[in-house]
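Me: Can you walk me through how to read this structure? I'd like the general idea of each feature, then the case here.

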Amino acid sequence: MSTEARFATGDWYAVVGDEVTVLLPGSQRGRVAAIWDLADAGAGADAVLDALLAGGLASLDHFALVAHGDDATRLIVRGAPSATVSSTDGDELVTAAPGTAWAERLVTGVTSVRLTLTGDGVADLPLTAGVARVSVVEVGAPVGAPDPSASFAPVEQPAEQPVEQPVEQPVEAAVEEPVDEPVDASTPEPYADPVAPAPALDDALSSPVPDAEPAVEAEPVASTPMSFGEPGDDPTPTGETPVVDEAWSEHDGHTQAGAPIPDFARPPIPGQEIAPDVVSQPVASLVFSTGDVVLVDRTVLVGRAPEARRFASHDQPHVVSVPSPQQEISSTHLEIRPGAGADHGSAIATDLGSTNGTVLAQPGLDPEELKPGIAVSLVPGAVLDLGDGVTIQVTNP
């Protein structure tokens, strides 16, 4: 994309090509792949718009499209998005009025376009060709950038005042006395005087040393005997025997969580970075058919009698117990947690090897059964079926 662009993370999809940028809500995930194929191939605004409307305008309540031509910028906004267009003629707010198909502008001399989808975040992440999850997108030069020449003006004044005043007074006093004598002999004397306090400074620094010795004596606490395994039996580089928790098992024996699978090692998606233990803002809200509502700001474990022993003390998850009269739901059945990397800002679900499995129904897609240990990104409106009539609906937080 030749035009500079930035974004703030969110739950909308930004499909960015060389000629056009399309913004779609999370509920339109099924359209993203087809739109990206067109944008990546260099399709223009008309071709992309035809693809967007292929399923009918009624099925696409919200979207935004920005196309940059040689002479003008074309902007289309439908539903929730709003756009602030800055050009040589001033700023203009573009929104779709209720009851209209969309709002469309063809603007010349555009310097920047800011599209607000959800919230009002700071767009400070670079947006390049591809697909990203966004809440705000800015295209063009940042608005209100500081004037580089103004930033240097205040620096000159404080630099001149402290340098001129303190230097002139000591130099004049030191030079006046030795001027009558040979110049070569006088020049080292002023420099010798300021060096004289150095021994006193060394004495001051060395005097606290005896006081610091008692603090060092506290180190024997760190010499507490440590327990190590036999070097020949231990595969770890340090020789320390790792602790293995053998208590991770089902409560009642009727169902089982499945044997440990390497895919369960976090993160379950190869190459995906690890999400923080607790995020500052929930990425989703889980509405259980039992009436419980849980925010996904950390890991959520769901089952008949879920256990969290494999988690560290500082990373305690939300534990949600659900009824299962027919024993169709495993003790620790499902994990839902904030995503990372490409899934940042979304919730992801992983079936923990449950006996009867978990069925996921995403908006606009056929239901699918989750594969044990494989994380799947959830969009608002998704429904997870655990069996025994227990379902979980995913909504915005």
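Reply: Glutamate 4 is partly exposed, at 45% relative accessibility (buried means under 20% relative accessible area, exposed over 50%, partly exposed in between, with a 1.4 Å probe and protein chains only). This is a predicted model, so local features need pLDDT of at least 70 and side-chain atom pairs count only at pLDDT 80 or more, while totals for chains, interfaces and linings use all residues. Residues are numbered from 1 along each chain as its sequence is written, and side-chain values use heavy atoms, with hydrogens and water left out.

Me: Which side chain meets that of glutamate 4 in a salt bridge?

Reply: General idea: side chains of opposite charge can pair when their charged atoms come close. Here the partner of glutamate 4 is arginine 6, at 3.3 Å from N to O (a salt bridge is a side-chain nitrogen of Lys or Arg within 4 Å of a carboxyl oxygen of Asp or Glu). Arginine 6 is buried, with a relative accessible area of 10%.

Me: How many salt bridges does a search of the whole structure find?

Reply: Nine. One of them pairs arginine 114 with glutamate 138, at 2.5 Å from N to O. That pair links distant parts of the chain, 24 residues apart: arginine 114 sits in strand β8 (residues 110-116) and glutamate 138 in strand β10 (residues 130-140) (helices, H or I with at least four residues, and strands, E with at least two, are DSSP runs numbered from the N terminus). Glutamate 138 counts as buried at 16% relative accessibility. Through shared partners, salt bridges join Glu4, Arg6, Arg114, Asp120 and Glu138 into one network.

Me: Which residue forms a salt bridge with glutamate 104?

Reply: Arginine 74, with the closest N and O atoms 2.8 Å apart. This pair also spans distant parts of the chain: glutamate 104 is in strand β7 (residues 103-108) and arginine 74 in strand β4 (residues 72-78), 30 residues apart. Glutamate 104 is partly exposed at 35% relative accessibility, and arginine 74 is partly exposed at 22%.

Me: What does serine 135 touch, not counting residues up to four places away in sequence?

Reply: Ala8, Thr9, Gly10, Leu115, Thr116, Leu117 and Thr118 (contact means heavy atoms within 4.5 Å). Serine 135 lies in strand β10 and is buried, at 6% relative accessibility.

Me: And where does serine 324 lie?

Reply: In the loop between β14 (318-321) and β15 (334-338). Serine 324 is buried as well, at 8% relative accessibility. Leaving aside its neighbours within four places in sequence, serine 324 is in contact with Arg304, Ile329 and Asp388. For a spacing check, serine 324 and alanine 305 are 19 residues apart in sequence and 10.0 Å apart in space, C-alpha to C-alpha.

Me: How many helices and strands does the protein chain have?

Reply: Seven helices and 21 strands. Of the chain's 397 residues, 36% count as buried. Among contacts between residues at least 6 apart in sequence, 57% join residues at least 24 apart.

Me: Where does aspartate 40 lie, and is it buried or exposed?

Reply: Aspartate 40 lies in helix α1 (residues 29-40). Aspartate 40 is exposed, with a relative accessible area of 51%.
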